[in-house]
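Please walk me through this structure, one feature at a time. I would like the general idea, then the case at hand.

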Number of protein chains: 2
Amino acid sequence: MNSGVDSITQARETGTLGKLMALLDLVTHADAPLRFTDILSLAGQPRGTLHRQLSHLVEEGLLELDGDGRYAPGLRLLDFAARSWARNEFRLIAEPHLADLQQATGETVHLGVLRGSSIIYLDKVEGHQPVRMYSQIGNASPCYCTGVGKAALSRLPAESLANLLSGLSFTRFTASTHVSAETLLTEIREIADLGYAFDREEHEAGIRCVAAPIWSEDRTFIGGVSITGPAYRLSMELLSQWAVPVQLAAGRIMEGMRVRLGPRR
Amino acid sequence: MNSGVDSITQARETGTLGKLMALLDLVTHADAPLRFTDILSLAGQPRGTLHRQLSHLVEEGLLELDGDGRYAPGLRLLDFAARSWARNEFRLIAEPHLADLQQATGETVHLGVLRGSSIIYLDKVEGHQPVRMYSQIGNASPCYCTGVGKAALSRLPAESLANLLSGLSFTRFTASTHVSAETLLTEIREIADLGYAFDREEHEAGIRCVAAPIWSEDRTFIGGVSITGPAYRLSMELLSQWAVPVQLAAGRIMEGMRVRLGPRR
DNA sequence: GCGCTTGTTCCATTATTTGGAACTTAATTT
DNA sequence: AAATTAAGTTCCAAATAATGGAACAAGCGC
């Protein structure tokens, strides 16, 4: 069930914090609560050290230790995230345009942003039903097999793109997932010309999408919007027709950001 | 707009991590992105130290530094939280019962857990409309002015309760908010007898709720469920009638936890 | 009980954080 | 435009915290 997201890769120059966050990553990325020994083997650190690190994380509420000695993600993370989300400017600006797009198409709309080589979903608007938002929002998905991801890559400066691609490790999710930097690069070039991207069931079988990129002038910020739905309902032809509205929505969001954040960037 | 949640109060024995988390708290609790100098005055630390701490937090993606030198919560927090939420056992067990309760009453149902002296909302089920879940989920609210909070307190062992009450600082949100430990304690004793709690517009004017506590045998885990809605629609009489279904739902959730987590606790 | 695994504590060594000050850069005023 | 002030960044010896090996406890299966 793990999405194969490029996790870990510490070696950051963040001293103690970096080590602790790598550990937190390790525990939160697991599919189930881990016991001390499991973590010990995964983290490859001395017992004493690991024990203290875990204790600190637990004490701070970032991890939780249940009665059976298993470590699970802590609830303080939720509190932090709730604030992070509520105040995110990009999301706030995009919100009305996502709703419009949802109304116009009747399908699910996603907003995502490129972070490293992952796409982090910031918002999701579905037409009907109480939405289980956390089920998607906040999730990190690979950039090479999602519509938003490929759209985002298409706006990256050549050098950054080359860098990112060279560091990528591909996981095949479906028959049509890109598994080489070459074919991916070819498609990204096409996308750069067209101004929109498709996901042809590359991340999940039976799920398609059209996406358009959103970027700041200085390219420090890159994300995208998409319309997603089941393949049986969304023919490639229909998706092609939606390319225009998705691009328009992306344009309006960029305009909103320009107004809000000042035109200079 | 800040909910007056008892934040900070570090003095934890968590070394470097504790200091950094207190700083992260400070920035994420602010209503808007903070500039370096703002944080400097709030945190009361030497410039050099603060600068490095912020750099580390930014490097790790826990904070973000925009082009204008302002610090805002980072997106990595979302990724962490998404996992924390998706895997939370209590929430998973409660989910179907919350939905049932929502169906039965037509009003909004909340699930919360006591953490320190705050209630952290873990889930929310509304009847209609795409839900903006992060708008509530993950939020920490004071325990003394919410239905779930007071219900939870009623199941705390006497000693823990006394401790918690003595450390509480009250903020008056509405005319009926408890602002002294004495009146609160009196009500909590009633609640302990009755088995359910009301929120009589104590946190937000015009909003009422009935809540029932959920607890593990050893009282290490305490939370609650509630039905919430506008006062004009939810008379106190109607709320009283819902006390039974709320308690039943709470009972079923506890039963679910007993089965899942083993009967010993 | 015995051996084995798992989890916890201790403490000298090592590495990181600290905080004052000096230094750069940007913004504002004269 | 120069002078002045504020804002942000870098440096390094001293103080503090993290490390990791080993010894110590607690469970568990046999």
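Q: What should I know before reading any values?
A: This is a predicted model, where local features need pLDDT of at least 70, side-chain atom pairs count only at pLDDT 80 or more, and totals for chains, interfaces and linings use all residues. Residues are numbered from 1 along each chain as its sequence is written, chains are lettered from A and ligands numbered from 1 in the order in which they are written, and side-chain values use heavy atoms, with hydrogens and water left out.

Q: What area is buried between chain A and chain B?
A: The size of an interface is often given as the accessible area lost when the parts come together. Buried area is that loss with a 1.4 Å probe, summed over both parts. Here it is about 5700 Å² between chain A and chain B. Carbon and sulfur atoms give 59% of it.

Q: How many residues does each chain bring to the contact?
A: Contact means heavy atoms within 4.5 Å. Chain A brings 64 residues and chain B brings 63 residues.

Q: How many polar contacts and salt bridges join chain A and chain B?
A: A polar contact is a pair of N or O atoms within 3.5 Å; within protein, one must be able to donate a hydrogen and the other to accept it, and residues adjacent in sequence count only if both atoms are side-chain atoms. A salt bridge puts a side-chain nitrogen of Lys or Arg within 4 Å of a carboxyl oxygen of Asp or Glu. Between chain A and chain B there are four salt bridges. There are also 14 residue pairs in polar contact, both residues at pLDDT 80 or more.

Q: Which elements of chain A supply at least two residues to the side that touches chain B?
A: Helices (H or I, at least four residues) and strands (E, at least two) are DSSP runs, numbered from the N terminus. In chain A, the suppliers are helix 1 (15–29), helix 3 (47–59), strand 3 (70–73), helix 4 (76–87), strand 4 (108–115) and strand 5 (118–125). That side of chain A divides into 29 nonpolar, 16 polar and 19 charged residues. Ala, Val, Leu, Ile, Met, Phe, Trp, Tyr, Cys and Pro count as nonpolar; Asp, Glu, Lys and Arg count as charged; the others, Gly among them, count as polar.

Q: Which salt bridges lie within a chain?
A: A:Glu60 bridges to A:Arg76, with the closest N and O atoms 2.3 Å apart. A:Glu60 sits in the loop between helix 3 and strand 2 (63–65) of chain A, 16 residues from A:Arg76. Both A:Glu60 and A:Arg76 are buried. In chain B, B:Glu60 and B:Arg76 form a salt bridge at 2.3 Å between the closest N and O atoms. B:Glu60 and B:Arg76 are buried. A:Lys150, A:Glu187, A:Arg200 and A:Glu202 are linked in a salt-bridge network. Over all chains, the whole structure holds 24 salt bridges.

Q: How many residues surround DNA strand C?
A: A residue is near a strand if one of its heavy atoms lies within 4 Å of it. For DNA strand C, 16 residues qualify; the closest are A:Thr37, A:Arg47, B:Pro46, B:Thr49 and B:Arg52. They divide into two nonpolar, 10 polar and four charged. Helix 3 of chain B gives the largest share, five residues.

Q: Where does the protein meet bases, and where phosphates?
A: An N or O atom in the side chain of A:Arg47 lies 2.3 Å from a base nitrogen of DNA strand C. A:His51 has a polar side-chain atom 3.1 Å from a phosphate oxygen of DNA strand C. For B:Gln53, the distance to a phosphate oxygen is 3.4 Å.

Q: Is B:Thr228 buried or exposed?
A: B:Thr228 is buried, because its relative accessible area is 15%. B:Thr228 lies in strand 9 (residues 222–230) of chain B. Its side chain makes a polar contact of 3.3 Å with that of B:His110.

Q: Where is B:Leu164?
A: B:Leu164 is in helix 7 (residues 158–166) of chain B. B:Leu164 counts as buried because its relative accessibility is 14%.

Notes
Buried area = accessible area lost by both parts, 1.4 Å probe. Buried < 20%, exposed > 50% of the residue type's maximum accessible area, 1.4 Å probe, protein only.
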